[in-house]
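Welcome! Try each task before reading its solution.

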Amino acid sequence: MGIGGLRFISSRRQFMRGLAGIAACGTSLASHPARSRPPAPYVPRFFTSAEWAFLIAACDRLIPADENGPGARALDVPRFIDMQMDTPYAFGAQWYMHAPFVQGPDNLGYQLPYAPRDLYRRGIAGMNAHAATRHGRPFADLAPALQDDLLRGAENNRLVFGDIPSSVFFDQLLANVMEGAFSDPVHGGNTGLGGWTMLGFPGARADFMDWVDRYGAHYPLGSVSISGETA
Amino acid sequence: MSDDARRLKPVDVVIVGGGWAGSIMAKEMTEAGRSVVMLERGPDRSTASEGAYPASIDELEANFRYKLFQDLSKNTVTIRNNSQQTALPYRRMAAFLPGEGVGGAGLHWSGVHFRIPPDDLRMRSRVIEKYGAGFIPEGMNLQDYGVTYEELEPFFDKAEKVFGTSGEPYMINGKVVGKGNVFSPSRSDHFPLPALKDVYTAHLFRKAAEEAGFHPYSLPAANASRQYVNPYGAQMGPCNFCGYCSGYACYMYSKASPNVNILPVLRQHPLFDLRAGCHVLKVELDADGRRATGVTYTDPDGKVVTQPAEMVILTAFQFHNVRLMLLSGIGRPYDPVRNEGVVGRNFVYQNVTTSTVWLDRGVETNQYIGAGGGGVAFDDFNSENFDHGPLGFVGGSPVWVNQAGVRAIAAAHSGGPPGTPRWGSAWKAGMIDTYRHSLRIDAHGSNMAYRDVYLDLDPTWKDAYGQPLLRMTFDWKDNDIRMNRYVVDRIGDVAKAMGARRVNLTKREFGRPFDTRQYQTTHLGGGAVMGSDPGTSALNRYLQSWDVHNVFVIGANAFPQGTGYNPTGMVAALAYWAAHHIRTTYLASPGPLAG
């Protein structure tokens, strides 16, 4: 996993080094439009082009760019999710997937035979089918307000996708979007440490020996990633 | 299966599970000159590899892909709320997170390190003395441990010295010596290290709790406040409050773990043989089922082998110990209809809810700073420290700020105050405000044992080796919900004293069943409990099987009911207690230690 992602991080580090003088000022660099050399567009490995269009649009509604910081697209959350689809997690390798699969009350937890890859494939098809039926166009081509309506419908389990409750797909997507925006950039998201910067999370600094009892003081250092990228 | 299994050379002791209890027992048995094989089904692990900075502090891998936790694809449990339901598999990690691999959950726990309150050890007797037998609700299997605090004290002391525990004492040998927990029992010695510094949120909580009239103290933490060398010669570095504690191997060597505090010494002992990747299928018994002859396991190549031994010590996680007893026919399985039998009886959990307090936007709470065991608590509503008479419930909760470090993905999931959407710009604003300006206060309560809450084998689902999964039948009961609601209201008092901008008191709700989808805690207990009566306990007070005298079972499975405290300190003390009696009595004259 992640060769492309690592190469990208390496180029970001060079970029950041060039900006070192202003990097500590606390503004969100990830929302800054300037890039010395834009990276080549990411080509998804798991998602088809129609699925990819859905994913980009949906991610940006779940975490929109606004005055609080960058949106999911700028943070490369779709790339993170596509890269995750190549990990054992996406194949359900960490889940108990033995039959029989018996549905029960919600509070007894997930009981479907589907791994994350299946949930995305079926869930995105379901979302686009609802978009086409209601509005005659795929999800990605709808106005943001209509996209939000469909996402809320899925969230509240008001849409039907065959045997996958739409809320199960929505929860899977939302969980991965959060992970992509706020995990270490080594996994392909949180580009420019923009997720951490908007939150005020110092990342891998992980040493507060001298700061623990500076009560109420603002921590002055920007975030740092596992690879050494700083913001 | 054992007939076909390859038989290995006999050893004195086989230990099942390579966590805290297994490492302590292996250390003690090799000190006594016994040959020990320790079987661990997960991989071999060390702090040098799993804890290497900075790769180890990857929140996605550690807390969301469960790198160091049990592989549920091979083995899990089924869960239901009552015996009329069909139990369903716990397919994805959520409510509790059992560990796996050498060091067990001890490699990546947080480090809160308590001694159990003396009253909790004789809970049934104490409640009857104070309130009368009629005070115990119908269906509650309230019991005593069969051991006293005075008997265990030397072993609590020993465990703290091995763990390098940081804390502030209150009373030593009957004299008040410090500003520790006024409700804590007398100790024979100081903590080996002074208490950790308070993080800001704990500092605010301490002040507010005092103003509200409670008695705050520093949590005892197995996170070293200074450089330390333990009695085995193992070295710890000072905790730097890195904020990556629960779920992580400690790159500073500050958090006590079997991997740092015991195994480096044990691995060099010629009598010690650690075998990782070995999954124990069953304890072998002799023809009349009164004596264990060894264990059968699958080795890393998938071959089934039998390891003969003079003694078998089960030190797996709480519910794995219970399951192995059921699979092996050790002790009579519990029958909830008749309330008879002992293996699976008194299965308990921990009754935790977390409330959130928002401070002014000028106050930065710096929740990314943290030490897993550090913080400030008060015990005014724990154990028998308060009068339950007018309240009408059994049990209690310590209340604390235990900031182990809140990381970014977790913060995003936690979101904003109640009513905030889960996504979009409103989520973003609420989530950022909450992360920067709030703090979390836990009511970390006890959970009583009930007749219809138990463990047995599932009739349908099997593990990767074809053996039945363990089935949990569990729900919250009114007694425990009322306790939680009473104590959480006291958090409201503290939040008021703190000058909170906003408070969200999280309480258990009547009629809302146990939800396996939300993380609560991994503090599961009971199921093979210790006691003085073979009719209500699977183990005697030395954690020895009443039925098969050369089997000892060490873990939180031995707790007859839940306590308000975290279990590890008690498990470690019970391990040293059992080991002491094995070494001083059992080895010279094997047989039942209690009659």
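The exercises below go through helix packing, sheets, backbone details and record annotations in this predicted model.

**Exercise 1. At what angle do helix α5 and helix α7 of chain A pack, and which residues meet there?**

Step 1: Find the two helices. In chain A, α5 covers residues 116-135 and α7 covers residues 166-182.

Step 2: Look at the geometry. Their axes are 9 Å apart and the packing angle is about 115 degrees. Angles of 65 to 115 degrees count as roughly perpendicular, and therefore α5(A) and α7(A) are described as roughly perpendicular to each other. Their crossing is left-handed.

Step 3: List the contacts. From α5(A) come A:Pro116, A:Leu119, A:Tyr120, A:Gly123, A:Ile124 and A:Met127, and they meet A:Val168, A:Phe169, A:Gln172, A:Leu173 and A:Asn176 of α7(A).

**Exercise 2. Is the crossing of α4(A) and α7(A) left-handed or right-handed?**

Step 1: Start with the packing. The axes of α4(A) and α7(A) are 8 Å apart, at an angle of about 110 degrees. The two helices are therefore roughly perpendicular to each other.

Step 2: Judge the hand. α4(A) passes α7(A) in a right-handed crossing.

Step 3: Name the residues. A:Val77, A:Phe80 and A:Ile81 of α4(A) make the contact with A:Leu173, A:Asn176, A:Val177, A:Glu179, A:Gly180 and A:Ala181 of α7(A). Six of the residues in this contact are nonpolar, two are polar and one is charged.

**Exercise 3. What is the strand order in the six-stranded open sheet of chain B, and which helices lie on the sheet's strands?**

Step 1: Trace the strands. The order is β8-β17-β18-β19-β16-β22, with antiparallel pairing. At the edges are β8 (216-218) and β22 (502-504), each pairing on one side only. From one strand to the next the twist averages 25 degrees.

Step 2: Zoom in on one pair. β16(B), residues 351-358, and β19(B), residues 438-445, are antiparallel and share eight bridges. Here B:Thr353 stands opposite B:Ala443 in β19(B).

Step 3: Helix α7 of chain B (residues 200-211) lies across β8, β17, β18 and β19, running at about 25 degrees to β17(B).

**Exercise 4. Which strands form the edges of the four-stranded open sheet of chain B?**

Step 1: Read the order, which is β5-β4-β21-β20, with mixed pairing.

Step 2: Take the edge strands, β5 (88-89) and β20 (454-462), each of which pairs on one side only.

Step 3: Check a pair inside the sheet. β4(B) (residues 77-80) and β21(B) (residues 468-473) run parallel and pair over four bridges. The bridge partner of B:Thr78 in β21(B) is B:Arg471.

**Exercise 5. Where are the cis peptide bonds from A:Ala99 to A:Pro100 and from B:Tyr53 to B:Pro54?**

Step 1: In chain A, the cis bond from A:Ala99 to A:Pro100 has omega near -5 degrees. A:Pro100 is found in the loop between α4 and α5 of chain A.

Step 2: In chain B, the cis bond from B:Tyr53 to B:Pro54 has omega near 0 degrees. B:Pro54 lies in the loop between α2 (47-50) and α3 (59-64) of chain B.

**Exercise 6. What does the UniProt record annotate at residues 456-575 of chain B?**

Step 1: The unreviewed UniProt entry gives "domain: Glucose-methanol-choline oxidoreductase C-terminal" for this stretch.

Step 2: Over residues 456-575 of chain B, the chain is 23% helix and 18% strand, with the end C-alpha atoms 25 Å apart.

Key:
Residues numbered from 1 in each chain as written. Chains lettered and ligands numbered in written order. Predicted model: local features only at pLDDT ≥ 70, side-chain atom pairs only at ≥ 80, totals over all residues. Heavy atoms only, no water. Axes fitted to C-alpha atoms, helices over the stretch in contact; angles between N-to-C directions. Parallel < 35°, antiparallel > 145°, perpendicular 65-115°, else oblique. Left-handed = near helix turned anticlockwise from the far one by under 90°. Contact = heavy atoms within 4.5 Å. Pairing = 2+ DSSP bridges. UniProt positions renumbered as here; feature names shortened; annotations may be inferred. Nonpolar A, V, L, I, M, F, W, Y, C, P; charged D, E, K, R; others polar.
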